[in-house]
Protein chains: 2
Amino acid sequence: MSSYQRKTPIKSDCSIEKTLLVISGKWKPAILSELLKRSVRLKDIQEGLPEASKRALTQQLKEMVEDGLIQKKDFNQFPKKTEYSMTPLGSKLSSVFNILTEFGDRL
Amino acid sequence: MSSYQRKTPIKSDCSIEKTLLVISGKWKPAILSELLKRSVRLKDIQEGLPEASKRALTQQLKEMVEDGLIQKKDFNQFPKKTEYSMTPLGSKLSSVFNILTEFGDRL
């Protein structure tokens, strides 16, 4: 058997790990799954994940905005309304999540 | 907008998270990517990932054996030879990794 060839695997691993990194927060899969279906407000997410603190949720949302997966829209109204939705990049997570679900169902 | 409906997303998230859980060790994507190509011995993995300690690698291999992704075969010879390879379940990670790579390439 030939020895482990580093070049190709490490290169592809980087992309795998980059994806894992951006979707692997404690509440990220739950939030992203919901956003793949519709735009939501923070309070909707809080209602769906009552065990998560507001601080944790806003932190994870912030990270996903920074990673370009989701976007935040502030509506110019009172009371203040802020909505989160997928970016075009984030929408591509749909196929990622489908295949992760399919595999996870076998575990 | 209707409020967050918990039932469906949490259910699918569980499968997503189960998959993330079994593939998200520090060296797991690198090891699994290699095993998707061929069976390897511990020393091959060590050569390919010199920055990983033998202890860390054997721990991650052990976890992946327990999770049913890979299998360990001991050859009855001297010097002792042990080879790791994918199980049929683990082989199905091929499509998971392809799509994680494809998405990661966009990040």
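Predicted model: local features only at pLDDT ≥ 70, side-chain atom pairs only at ≥ 80, totals over all residues.
The peptide bond that joins B:Phe78 to B:Pro79 is cis, with omega at about -5°. In chain A, A:Pro79 is likewise placed in the loop between β2 (70-75) and β3 (81-86). A cis peptide bond links A:Phe78 and A:Pro79, and its omega is about 0°.

Within chain B, helix α2 (residues 28-35) packs with helix α4 (residues 54-66) at an angle of about 65°, and their axes are 10 Å apart. Angles of 65 to 115 degrees count as roughly perpendicular, and α2(B) and α4(B) are therefore roughly perpendicular to each other. The crossing of α2(B) with α4(B) is right-handed. From α2(B), the residues B:Lys28, B:Ile31 and B:Leu32 meet B:Leu57, B:Gln60, B:Leu61, B:Glu63 and B:Met64 of α4(B). Five residues of this contact are nonpolar, one is polar and two are charged.

The axes of helix α6 (residues 93-104) of chain A and helix α6 (residues 93-104) of chain B come within 10 Å and cross at roughly 160°. An angle over 145 degrees counts as roughly antiparallel, so α6(A) and α6(B) are roughly antiparallel to each other. Their crossing is left-handed. On the α6(A) side, A:Leu93, A:Ser95, A:Val96, A:Ile99, A:Leu100 and A:Phe103 take part in the contact, meeting B:Leu93, B:Ser95, B:Val96, B:Ile99, B:Leu100 and B:Phe103 in α6(B). The residues of this contact comprise 10 nonpolar and two polar, with no charged residue.

Methods: Residues numbered from 1 in each chain as written. Chains lettered and ligands numbered in written order. Heavy atoms only, no water. Axes fitted to C-alpha atoms, helices over the stretch in contact; angles between N-to-C directions. Helix = DSSP H or I, 4+ residues; strand = E, 2+ residues; numbered from the N terminus. Parallel < 35°, antiparallel > 145°, perpendicular 65-115°, else oblique. Left-handed = near helix turned anticlockwise from the far one by under 90°. Contact = heavy atoms within 4.5 Å. Nonpolar A, V, L, I, M, F, W, Y, C, P; charged D, E, K, R; others polar.
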